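Subject: Handover of the structure and notes on it

Dear colleague,

I am passing on the structure we spoke about, together with notes on what was found in it. Please read the notes with the structure open beside you.

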Amino acid sequence: MPVGIVSYGVYIPRYRIKAEEIARVWGEREDMAQSLNVFEKSVPDFDEDAVTIAVEAARNALKRASIDPARIGAIYVGSESHPYAVKPTGTIVGEAIGVDHQLTAADLEFACKAGTAAIQACLGLVSAGMIDLGLAMGTDTSQGAPGDALEYTAAAGGAAYLIGREDLAAEIEGFYSFTTDTPDFWRREGMPYPEHGGRFTGVPGYFKHVTSATRGLLKKMKTIPEDYDYAVFHQPNGKFPRRVAKSLGFSADQIEPGLVVPWIGNTYSGSSLIGLAATLDVAKPGDRIFLASFGSGAGSDAFSIRVGDAIEDIRNRAPRVRDYFENVQYLDYAVYAKHKGKLRL
Amino acid sequence: MRSVSIIGAGCTKFGERWDDSLRDLVVETGIMALEDANVSGDEIDGLYVGNMSGGRFVEQEHIGALISDCAGLSRLHVPSTRVEAACASGGIALRQSVLAVASGYSDVVIAAGVEKMTDVTGGVAADALAAAADREWECFFGATFPALYAMIARLHMHRYGTTREELAEVAVKNHHNGSMNPISQYQMEITVDKVLRSPLVADPLRVLDCSPITDGAAAVVLAPTDLAHKYSDAPINILAAAQASDTLALHDRRDITTLDATVSAARKAFGMARLEPEDIDLAEVHDAFTIGEIVAIEDLGFVEKGEGGRAAGEGITAIGGKIPINTSGGLKACGHPVGATGIKQAYEMVLQLRGEAGKRQVQGAEVGLAHNVGGCGGTALVHIMSR
Amino acid sequence: MSTVPRFWRHIPQRYNLVGTHCEKCDEYYYPPRTICPNCRRNAKMEDHKFDGEGTVVTFTTIYNATDDFKRQTPYNLAIIELLEGPRLTGQVICSPEVIEIGMRVKPVFRILWKEGERGIIYYGTKFVPTEGWV
């Protein structure tokens with residue numbers, strides 16, 4: 001029996017800071033934005049965190065397909081910025097969307113790919129017939145240390161996917177994961193900002209894992225890049241997904257609809273899932289989408305997705321990704337620092 | 001029911017009383033009131049004290065026993081009761097005392113009020129005062145006390161055309177009155193311009209629209225009218241002691257620009273006294289914020305609804321005007337030690353009706369009204385007194 | 001920390017606008033009431049979940065807050081009338097120049113306040129203008 005995406009929803013905060021504003025403060029080269037292909041990034045409001053973002057995304061997912069929340073049997077929330085070190089995000093989300101309390105929930109962490117891991121967990125339970133619907137989310141208000149290269153991209157946003165067996169907006173035909181122990185990026189307990197291996201995050205991290213997962217899935221599915229109408233690769237910046245797509249044989253056109261990082265930054269656990277949502281926003285029934293996430297530490301989950309008939313009915317019943325690109329409000333660095341709690345009092 | 005008179009009154013200087021504790025303030029005002037009433041301790045058979053938040057301001061509850069003890073009455077075992085209705089705690093203490101005497105249960109009863117507010121930081125004080133609002137459904141979402149009155153002001157301005165300057169005129173008038181009152185916290189006059197340039201607290205209300213954080217205590221001594229002349233040459237008769245309640249939260253009110261509790265208490269009080277608003281020579285009203293005075297004079301019937309804004313600027317509510325309001329300086333200028341305010345209003349009435357109010361004396365004052373509000377209108381009291 | 005059970009008790013009403021409705025007189029209540037002031041002992045109360053769309057009845061912008069909210073200043077506080085009639089107090093997220101009496105608003109899920117660095121995070125409902133927000 002096919003399993004897949006019954007509905008999806010995203011949320012991106014309305015504030016933005018331009019890369020050039022960050023570069024101005026730290027005396028960086030003016031072409032920082034061009035070199036990263038990230039021109040601006042989303043910034044949460046004072047009163048937004050990974051939980052509030054997840055709730056808004058989940059409510060959009062429920063609204064999009066008019067789902068009764070009582071059908072949800074599992075909630076998995078992937079994030080590297082869960083506001084509590086101990087105390088689940090998933091329970092707050094569940095209560096806020098009005099679930100029946102007969103469900104399982106847990107928070108996941110795997111750097112930027114915890115959201116796709118959440119989808120896999122739901123796929124397993126749904127495929128086994130143990131639950132009717134699973135809610136999988138990737139949500140983050142990611143942190144970059146002031147002046148660090150990460151600060152140009154670390155953004156806020158999230159996506160929610162309802163995984164089930166009926167009325168599929170998109171079938172998940174198969175997935176393949178590739179995981180190694182590669183410390184390219186980390187944050188120790190109690191530390192406010194992550195550390196990273198600089199250029200070590202590139203080839204041994206992102207490229208090795210995304211490439212391995214992609215090649216593995218293509219082999220497993222017996223497909224080639226040309227079989228897909230669209231492709232979404234994790235977007236830590238605007239360069240990596242383009243480069244990896246090209247090296248794997250995917251075209252610029254295939255990745256274009258899902259490449260949102262230049263305008264919102266890297267939403268970490270939300271990143272590839274918001275890219276997928278932006279692609280579902282425009283895809284037609286029958287289209288195939290290739291998705292590969294990446295999480296430092298490190299691993300990549302690749303998915304082969306076929307768009308279903310239901311997509312046309314539900315697409316416009318909740319905000320699309322690009323709706324969140326309208327009416328944005330730009331912050332200067334000082335107000336951004338206040339929003340992000342970078343000013344310790 | 002016996003009719004009741006005030007036979008003595010006392011009030012401390014209001015202000016930031018850094019040297020004095022709550023206990024010191026109680027002793028100071030108690031001595032003043034008892035000397036004024038010329039009663040001895042063993043004649044006292046009841047004591048009511050209004051205190052909003054001893055627990056938050058000085059971490060002391062059981063204020064009833066405390067003040068009886070401080071006043072040296074512990075060995076007499078006088079029943080002493082603390083009452084609370086936020087900023088109307090003093091008014092409630094007065095009314096409970098009136099009921100005790102009127103019923104015949106007690107003869108000489110002290111009605112007191114005290115608040116020591118400056119032992120905590122401004123933030124703690126603001127939070128303690130916010131407890132007068134609905135903690136679960138107003139404060140939990142960030143409401144402060146000035147914010148609730150600011151929302152009353154905003155709607156009053158929107159609906160009746162009340163202006164920002166008219167709000168400021170109330171503060172200017174009350175500071176002028178306060179400058180003639182020796183116990184007043186603020187002794188300086190201010191201008192409309194100064195009010196308008198003071199920092200925003202909760203838009204449209206600014207710092208100089210708000211009553212201050214104040215330490216102070218006040219007490220009055222009550223006795224049956226037919227025994228009053230035994231103690232006092234100039235007893236003040238309490239013609240009415242009325243109280244009413246309303247929803248705790250502002251959002252649940254029938255009309256956000258009207259304090260129905262005031263309207264109800266006023267109606268009852270005028271009925272008891274068999275008087276009309278026109279019969280009142282002066283009034284102390286609850287101006288915790290400038291908008292409070294504007295709404296109060298409307299709800300008490302001194303001006304038409306919506307006309308309150310013009311009153312201060314046009315001199316209607318000035319000393320010498322049609323209905324002098326807040327001759328003491330009001331809560332705004334005289335200060336607002338919350339639990340003491342309702343009793344201080346009675347103290348001012350005693351001075352005015354005895355003709356002892358000095359430079360701020362309302363000539364020929366015979367009948368006065370005191371209006372005390374708890375929260376932003378969850379409780380209201382109206383007392384009418386005459387000489 | 002003493003407010004944790006007090007908050008937890010009202011999670012359904014704070015995360016979502018769950019109030020009450022009196023079937024007898026057809027009046028809606030938010031915040032919820034156990035006793036209908038119209039019908040009192042004859043009331044027939046049931047839970048009702050409000051969509052949360054409403055209009056601003058009156059508002060203020062707070063510049064001087066209690067300690068729990070002082071990092072949020074300036075913020076807008078409003079009395080909002082829901083479509084079904086009841087009024088509630090809540091924050092409206094927008095510039096102080098934008099908010100006005102009669103403005104239509106809709107609910108969003110936000111952090112209300114936090115109990116310092118170590119305590120609980122209180123989530124709940126705030127409002128944003130219906131126009132110009134996703």
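The notes below take up the annotated sites, then the salt bridges, then helix packing and backbone geometry.

This is a predicted model, in which local features need pLDDT of at least 70 and side-chain atom pairs count only at pLDDT 80 or more, while totals for chains, interfaces and linings use all residues. Residues are numbered from 1 along each chain as its sequence is written, chains are lettered from A and ligands numbered from 1 in the order in which they are written, and side-chain values use heavy atoms, with hydrogens and water left out.

Annotated sites

An unreviewed UniProt entry places the feature "active site" at Glu80(A), Cys112(A) and His234(A); UniProt positions are given in the numbering used here, with feature names shortened, and such annotations may be inferred rather than shown by experiment. Cys112(A) sits in the loop between β5 (104-108) and α5 (114-127) of chain A, where helices (H or I, at least four residues) and strands (E, at least two) are DSSP runs numbered from the N terminus. With a relative accessible area of 8%, Cys112(A) is buried, on a scale where buried means under 20% relative accessible area, exposed over 50% and partly exposed in between, for a 1.4 Å probe and protein chains only. His234(A), in the loop between β11 (230-233) and α7 (240-248) of chain A, is also buried, at 1%. Leaving aside neighbours within four places in sequence, Cys112(A) is in contact (heavy atoms within 4.5 Å) with residues including His234(A), Asn266(A), Tyr268(A) and Phe294(A). Counted in the same way, the contacts of His234(A) include Cys112(A), Tyr206(A), Asn266(A), Tyr268(A) and Phe294(A).

In chain B, the annotation "domain: Thiolase N-terminal", again from an unreviewed UniProt entry, covers residues 4-224. The end C-alpha atoms of that span lie 5 Å apart, and the span is 39% helix and 18% strand.

Glu366(B) lies in the loop between α14 (338-354) and β10 (367-374) of chain B and Arg387(B) in the segment after β11 (379-386), so the pair ties together parts that are 21 residues apart in sequence. A network of salt bridges links Asp45(A), Asp47(A) and Glu48(A) with Arg110(C) and Lys126(C).

Helix packing

Helix α4 (residues 89-102) of chain B packs with α14(B) at an angle of about 60°, their axes being 5 Å apart; axes are lines fitted to C-alpha atoms, for helices over the stretch in contact, and angles run from 0 to 180 degrees between N-to-C directions. The contact is made by Ser89(B), Gly90(B), Gly91(B), Ala93(B) and Leu94(B) of α4(B) and by Gly339(B), Gly342(B), Ile343(B) and Ala346(B) of α14(B).

In chain A, the buried residues of helix α1 (residues 19-26) are Ala19(A), Glu21(A), Ile22(A) and Ala23(A), and they pack against β2 (15-18), α2 (32-36), β3 (40-43) and α12 (333-339) of that chain. Gly27(A), with a positive phi near 65°, follows α1(A).

Backbone geometry

The peptide bond joining Gly297(A) and Ala298(A) is cis, with omega about 0°, and Ala298(A) is in strand β13 (residues 297-307) of chain A. Another cis peptide bond runs from Thr73(C) to Pro74(C), with omega near -10°.

Although Lys87(A) is not a glycine, it has a positive phi of about 130°; Lys87(A) is partly exposed, at 32%. His77(B), likewise not a glycine, has a positive phi of about 55° and is exposed, with a relative accessible area of 67%.

Technical notes. A salt bridge is a side-chain nitrogen of Lys or Arg within 4 Å of a carboxyl oxygen of Asp or Glu.
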